[in-house]
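Reader: I have a structure to discuss. Could you take me through some of its local features?

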Amino acid sequence: MSDKIHVLHHPLVNARMSHLRQTSTSAKEFREGIHDISMMLGIEASRDLEEEQFTGQTPIGTFTGTTIKPRIGLTPILRAGLGMTDALLNLFPAAQVYHLGIFREKVTLQPVEYYSKLPSIVPVDTVFLLDPLIATGGTACAALQMLLDWGMPVHKIKLLCVLASKTGLDRVHAEFPNLEIWVSAVDAELTSKGIISPGLGDTGDRLYNTLRE
């Protein structure tokens, strides 16, 4: 696998992912699991962020501390990406959030853009693109192209994903070989309807308890 693709291999991630997969998991538990995994993804994906030093004062004496230097932007893909946003805001409280609305057309499986909150100029240095599922990869690729057209260089974008299919992951990497991708698990199979198997089901429906019988 490419050195640009990072798959988390951690017992805590594995346990939470296993709980997310189960149909018996409630919407509340599902949201909590997505939040926890997103937090772990964010921590791992931010290892190489540049730091800036400052001099501070403790009750005992002075010290040299650090802050995160780059201005961070978060771009969740609606609506499921919202489930990852709070976790990243916990890590980057000052981050700016830009929502992207993209849905996958059910027959053609092609992405359809319907909303963008990207400002006219780029006021951030690094963007975390939040997409819980990469199935065919079409939605992620469409969002990435939107960010590139906006003016964000691909090497300044980090794609964070809870679960990906191997097919979708390969497609995203093929179209954007210099993109840094962080994913907590990869499933080998993709159904004829473009659904990850065994997967998680519809992440948006499970997050917001809108599953239909």
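Author: Let us begin with a definition: helices (H or I, at least four residues) and strands (E, at least two) are DSSP runs, numbered from the N terminus. This is a predicted model, in which local features need pLDDT of at least 70, side-chain atom pairs count only at pLDDT 80 or more, and totals for chains, interfaces and linings use all residues. Residues are numbered from 1 along each chain as its sequence is written, and side-chain values use heavy atoms, with hydrogens and water left out.

Reader: Where is R79 found?

Author: R79 sits in the loop between β4 (72-78) and α3 (82-91). The peptide bond leading from L78 to R79 is cis, and its omega is near -5°.

Reader: And what kind of peptide bond joins S197 and P198?

Author: That bond is cis as well, with omega about 0°. P198 belongs to the loop between β15 (196-197) and α6 (203-208).

Reader: New topic: how do strands β2 and β3 run?

Author: Strand β2 (residues 51-57) and strand β3 (residues 62-68) run antiparallel, joined by 7 bridges; two strands pair if DSSP finds at least two bridges between them. A hairpin of 4 residues connects β2 to β3.

Reader: Which residue in β3 is the bridge partner of E52?

Author: The partner of E52 is T67.

Reader: Lastly, is N209 buried or exposed?

Author: N209 is exposed, with a relative accessible area of 60% (buried means under 20%, exposed over 50%, partly exposed in between, using a 1.4 Å probe and protein chains only). N209 lies in the segment after α6. Although N209 is not a glycine, its phi is positive, about 55°.
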